[in-house]
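Hello! I am passing a structure on to you, and below it I have written out what turned up in it. Please open it and keep it beside you while you read.

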Amino acid sequence: MGRMAGKVALVSGGAEGIGAHVARAIVAEGGQVMLGDVQTEKAAALAAELGENAASVALDVRELAQWEAAVAATVAKFGKLTVLANIAGISEPGTVTDGTLDVWHRTIDINLHGPFYGMRAAIPAMEASGEPCAIVNIGSMIALRPAAFVAAYSASKTGLRGLTQSVALDLAARGVPIRVNMVHPGAIRTPMYERYKFSGADTPENIETGFAATHPMNRIGEPDEVARAVVFLASDEASFTTGCDFTVDGGGSIRS
Ligand SMILES: NC(=O)c1ccc[n+]([C@@H]2O[C@H](COP(=O)([O-])OP(=O)(O)OC[C@H]3O[C@@H](n4cnc5c(N)ncnc54)[C@H](O)[C@@H]3O)[C@@H](O)[C@H]2O)c1
């Protein structure tokens, strides 16, 4: 039996990148998944490819009402909600002084308000399931080791880390069987990474070498390596784990 057998997951950012790999891994492990994304056609195409254990819903994580509709759609389609994977996120450069206010607000809206709204919408449905549930929030190596030139991203991911731990403590204190954990990827080969690699900020070769060098394992990670960690934390195998920082960063967050 797969590690996600009997689990029903809502995955934000499920159309491509890490979220798409998480969705594939959940179905491969016997679970059911609702893909929520602003890229509705891509999400629908992936759901169709994954078959009867997958479906998709339009979801802009910045809108609480859309989260509530996505949770309702998941319960209507699969009968319950037991896993929330908050994967959707953006990364745009900028310091406090040269970054635009748009970048600041967009980043905080998607990366921090998004997971907050997601948890707010999902927790009542999870409690109603009466089953052990799990929330997995995607942070970043930068949540453990904030970086220059990405002020909004650093703030959003460290903020999400505090939020994750607060929700984990709250639910545990109230005896609610919902675990809340974080996965912190290093640089991972996804469309987000490829966009930066070919952005013209430097040659693609220098960007690849430079990013690899910030990870002691000296390479870029693959999205499946992150998806496996998400599935572990979402599964009952992680039954005594809540509020944790699970790094998938080739040692990047502990480098000297
Ligand atoms: N790729 C990396 O190197 C890396 C490193 C550390 C952390 N992360 C984090 O992992 C997560 C996924 O990153 P990725 O590399 O797969 O990104 P990606 O850009 O490749 O994919 C992100 C997905 O999120 C969706 N999305 C964006 N805004 C949305 C919104 N408002 N509502 C709903 N969906 C939205 C996109 O449509 C896309 O499908 C992000 O939270 C990111 O910060 C990525």
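A crossing of two helices is called left-handed if the near helix is turned anticlockwise from the far one by less than a right angle, and right-handed if clockwise. Please keep in mind that this is a predicted model.

**Two crossing helices**

With that wording in hand, look at α3 and α4, whose crossing is right-handed. Helix α3 covers residues 64–78 and helix α4 covers residues 101–129; their axes come within 9 Å and cross at roughly 35°. Which residues make the contact? From α3 they are Leu-64, Trp-67, Glu-68, Val-71 and Val-75, and from α4 they are Tyr-117, Gly-118, Arg-120, Ala-121, Ala-122 and Ala-125. Sorted by class, the residues where α3 meets α4 are 8 nonpolar, 1 polar and 2 charged.

Helix α4 also holds Arg-106. This residue is partly exposed because 16 other C-beta atoms lie within 10 Å. Between the C-alpha atoms of Arg-106 and His-184 there are 21 Å, and along the chain the two are 78 residues apart.

**The nonpolar cores**

The largest nonpolar core has 66 residues, and those that touch the most other members are Val-22, Ala-23, Leu-35, Ala-85, Ala-122, Val-230 and Ala-234. Helix α4 gives the largest share of this core, 8 residues. Another core, of 9 residues, lies apart from it and includes Leu-112, Val-150, Ala-151 and Ala-152.

Once its neighbours within four places in sequence are set aside, Val-22 is in contact with Val-11, Ala-85, Ile-87, Ala-227 and Val-230.

Pro-223 itself lies in helix α9, residues 223–234. Is Pro-223 buried or exposed? It has 23 other C-beta atoms within 10 Å, so Pro-223 is buried. Although Pro-223 and Ser-140 are 83 residues apart in sequence, their C-alpha atoms are 13 Å apart in space.

**Inside helix α6**

Val-167 lies in helix α6. It counts as buried because it has 21 C-beta neighbours inside 10 Å. Not counting residues up to four places away in sequence, Val-167 touches Met-119 and Val-180. The C-alpha atoms of Val-167 and Thr-242 are 9.7 Å from each other, while 75 residues separate the two along the chain.

Most residues other than glycine have a negative phi. With that in mind, have a look at two residues here.

- Phe-149 is not a glycine, yet its phi is positive, at about 75°. You will find Phe-149 in the loop between α5 (141–144) and α6 (151–173). It counts as exposed because it has 11 C-beta neighbours inside 10 Å.
- Asn-218 is likewise a residue other than glycine with a positive phi, near 55°. Its place is in the loop between α8 and α9. Asn-218 has 11 other C-beta atoms within 10 Å, so it is exposed.

Why does Phe-198 count as exposed? The reason is its 11 C-beta neighbours inside 10 Å, since a residue is exposed if 12 or fewer other C-beta atoms lie within 10 Å of its own. Phe-198 and Val-180 are 18 residues apart along the chain, and 35 Å separate their C-alpha atoms.

Enjoy exploring, and write back with any questions!

Definitions and conventions
Residues are numbered from 1 along each chain as its sequence is written. This is a predicted model: local features need pLDDT of at least 70, side-chain atom pairs count only at pLDDT 80 or more; totals for chains, interfaces and linings use all residues. Axes are lines fitted to C-alpha atoms, for helices over the stretch in contact, and angles run from 0 to 180 degrees between N-to-C directions. Helices (H or I, at least four residues) and strands (E, at least two) are DSSP runs, numbered from the N terminus. Two residues are in contact if their C-beta atoms, placed from the backbone, lie within 7 Å. Ala, Val, Leu, Ile, Met, Phe, Trp, Tyr, Cys and Pro count as nonpolar, Asp, Glu, Lys and Arg as charged, and the others, Gly among them, as polar. A residue is buried if 20 or more other C-beta atoms lie within 10 Å of its own, exposed if 12 or fewer, and partly exposed in between; C-beta atoms are placed from the backbone. A nonpolar core is a set of buried Ala, Val, Leu, Ile, Met, Phe, Trp, Tyr and Cys residues joined through C-beta atoms within 7 Å.
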